[in-house]
Amino acid sequence: NTAPSVTSVVVSDLTLTDADDGSQMTVTVTYDEAMDNLADPTLTFTSDIVTSGTLTFNSGAWSLGDTVYTATYDVGDVDEEVLDVDVDVSLAQDVAGNVQNAFNEADAIDVDTLNPSVTSVAVSDSTLTDADALSQITVTITYDEAMDNSADPTLTFTSDIVTSGTL
């Protein structure tokens with residue numbers, strides 16, 4: 001009567017971002033012996049990214065002689081940032097009815113679906129006059145996190161100073 005053990009946990013997407021919204025992620029659990037395919041393991045996450053809506057359980061299936069269990073989750077963007085999420089695996093049983101040894105895969109997933117925010121906007125010259133003709137102004141935007149420098153932000157002014165030729 002030896003309890004089965006998990007030999008590995010593999011997560012298909014280690015970092016969930018806005019780009020993953022609407023996709024699926026799998027967690028594949030491998031055991032050291034054949035398991036009872038009617039006693040699926042319980043997978044929990046140390047930060048409850050299931051209750052928050054980031055992950056929604058879709059399906060689970062056994063394979064490779066019932067030694068591998070794959071859980072499939074739908075990924076949603078719920079504007080949260082959670083780093084170092086652990087995956088805990090418990091309660092599966094082998095064919096003899098022995099309950100598995102609990103297993104923890106530490107720091108398996110990072111979630112960053114929290115959209116960045118502008119923390120400040122600074123304009124080098126806030127009052128444009130005739131004396132500013134042919135000169136330049138600088139608009140500096142500060143964000144609360146590092147941004148992708150290959151994607152420039154779109155600036156919109158309340159008055160249509162671009163169309164009028166002021167800018």
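Let's start in the middle: the largest nonpolar core has 26 residues, and M25, V27, V87 and I109 are those with the most contacts inside it. Such a core is a set of buried Ala, Val, Leu, Ile, Met, Phe, Trp, Tyr and Cys residues joined through side-chain atoms within 4.5 Å. At least two residues of this core come from each of β1, β3, β4 (42-45), β5, β6 (68-75), β7 (81-90) and β8 (103-112); strands are DSSP runs (E, at least two residues), numbered from the N terminus.

A word on the ground rules. This is a predicted model, where local features need pLDDT of at least 70 and side-chain atom pairs count only at pLDDT 80 or more, while totals for chains, interfaces and linings use all residues. Residues are numbered from 1 along each chain as its sequence is written, and side-chain values use heavy atoms, leaving out hydrogens and water.

Back to I109: leaving aside residues up to four places away in sequence, I109 touches V11, M25, F45 and V87, among others. Contact here means heavy atoms within 4.5 Å.

Now follow the open sheet of four strands, antiparallel in its pairing and ordered β1-β3-β6-β5. Because β1 (6-11) and β5 (55-63) are at the edges with a single partner strand each, one side of each has no neighbour in the sheet. Two strands pair if DSSP finds at least two bridges between them; β1 and β3 (residues 24-31) have five, in the antiparallel sense. Within that pair, V6 stands opposite Y31.

Finally, visit T56 in strand β5. T56 counts as partly exposed at 42% relative accessibility, since buried means under 20% relative accessible area and exposed over 50%, with partly exposed in between (1.4 Å probe, protein chains only). The C-alpha atoms of T56 and Y73 are separated by 5.2 Å.
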